[in-house]
Structure formats: C-alpha cells, structure tokens
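Welcome, and please open your viewer. We will go from stop to stop, selecting a few residues each time.

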Amino acid sequence: MIPDKTLYKAFLEGDISAFEELVIRYRYPLVYFILQFLKDYHSSEDIAQEVFAYIYLHPDRYFSEYEFKTYLFMLGKRRAIDYIRKRNRTKATLIEDLQLEDVRTLEEIIYRKEDSITLKKAIKELKPEYSKVVVLQYLNGFSLAEIAVVMDKSIGAVKVISHRAKLKLKEILEKGGMVL
C-alpha cells in the first residue's frame, strides 16, 4: 500500500488519481467518524464530501507535520462541530480523573465478524466522547497522540477517555450477553 504522504505529494504534482485513492481509502472511516458527532448518516456523508472538496480546492493548507489521516479527521471534526453549532445542538462533557487499569483490548471483538453488529450497537450506546475515541483508536487505528490532536485534548485526557470507554463498552457488551 502506498503511504498517504506519497499519494498526497503525487496529488500536489497534478496526479488526480492519487487524490482519488486517498478518497477511496478514507471515505467510509471519515463518514463513520463524523457520524459519531451528527447521528445522521446522510449529513455525515455530506460533511465528509465537503472535507474532501476542501482538501481538493486548498491542497496547500496541508502540512506534513501531521499524518494525512490526522489532518483529514481534524477537518472532519471541525466541520461536524460547525454543522452542529449551526443547528444549535452542542453538548459539553466533563472528564474526571480515574486510576487507569489494564482492560482487555477490543481488537479481538472488532475483528470477529459475527460480533460486529453487536459491537456497533454497543458503541452507539456510549457517550459521544467515548464512541469517538473507540472509533478512532480501534476501528481507524489512530494512536493516542493522533486522537489527542483530532479531539483537541491532551494525551492524558485521551488515555482517561479511552480507559473509561473500554470499561463502559465491556459493561454494555456483557449486559448484552457477550462473553469477554
């Protein structure tokens, strides 16, 4: 697989197919991420399309300081928040300190096809902040540092949110009868 930065560089040099490859690679992950904010699939698709259009029209605004996917998801988050603000439906969440413990990773569950529907339903039951971290970390492979950039939080705050999200997701899945 060709690295994102290589594809973006090719796009900057005029190769439209390189941009198309980036769209194909990240369209659905971006839509699913935005869906965590908007709770509406069609609006999420529209926002994702706007993000790709923005990148296409303003290619010079991406700096290789961040990975392309981090930049893409940051733009997606900002557009989703703008959309919500325009509709006057913002929500605030608080983070309290918590002692972190080891919790079984979710990768095993995510990759079990028969459990994916149950997992998606469980993710929807999480607080919006928790579901965003779970989607970024386990479904899109973001590091904690990348999530911190996308969510505009410190790495420590993301660790706490990730830990709480795993605990809550485990609780929801166990209530649903899934053996962990």
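Does K39 count as buried or exposed? Select K39 and keep that in mind while we set the ground rules.

This is a predicted model, with local features needing pLDDT of at least 70 and side-chain atom pairs counting only at pLDDT 80 or more, while totals for chains, interfaces and linings use all residues. Residues are numbered from 1 along each chain as its sequence is written, and side-chain values use heavy atoms, leaving out hydrogens and water.

**Stop 1: K39.** K39 counts as exposed, at 55% relative accessibility. Here buried means under 20% relative accessible area, exposed over 50%, and partly exposed in between, with a 1.4 Å probe and protein chains only. You will find K39 in the loop between helix 2 and helix 3. Check its backbone too: phi is positive, about 60 degrees, although K39 is not a glycine. Most residues other than glycine have a negative phi.

**Stop 2: the whole chain.** Zoom out and colour by secondary structure. The protein chain has 9 helices and 0 strands; these elements are DSSP runs numbered from the N terminus, helices being H or I with at least four residues and strands E with at least two. Buried residues account for 44% of the 180 residues. Counting contacts (heavy atoms within 4.5 Å) between residues at least 6 apart in sequence, 66% join residues at least 24 apart. The accessible surface is about 10,600 Å², and carbon and sulfur atoms hold 52% of that; the areas come from the Shrake-Rupley method with a 1.4 Å probe, and for residues only the protein chains shown count as cover.

Stop 3: Select I2, in the segment before helix 1. I2 is partly exposed, with a relative accessible area of 46%. Beyond its neighbours within four places in sequence, I2 is in contact with L7 and R25.

**Stop 4: helix 2.** Move to Y26, where helix 2 has a kink of about 45 degrees, shortly before the proline P29. The bend at a residue is the angle between axes fitted to the seven residues ending there and the seven starting there.

**Stop 5: helix 3.** Now select residues 41–57. These 17 residues reach 24 Å from first C-alpha to last, close to the 24 Å expected at 1.5 Å a residue; the expected span is 1.5 Å times one less than the number of residues. What does the buried part of helix 3 pack against? Its buried residues, including I47, V51 and F52, pack against helix 1 (4–12), helix 2 (16–38) and helix 4 (68–86). An α-helix has 3.6 residues a turn, so residues three or four places apart point the same way.

**Stop 6: helix 7.** Select residues 128–139, a helix of 12 residues. Helix 7 is mostly covered, as 10 of its 12 residues are buried; among them are Y130, V134 and L136. Helix 7 is followed by G141, whose phi is positive, near 70 degrees.

**Stop 7: D152.** Finish in the loop between helix 8 (144–151) and helix 9 (155–175), where D152 sits. D152 has a positive phi of about 55 degrees although it is not a glycine, and D152 counts as exposed at 66% relative accessibility.
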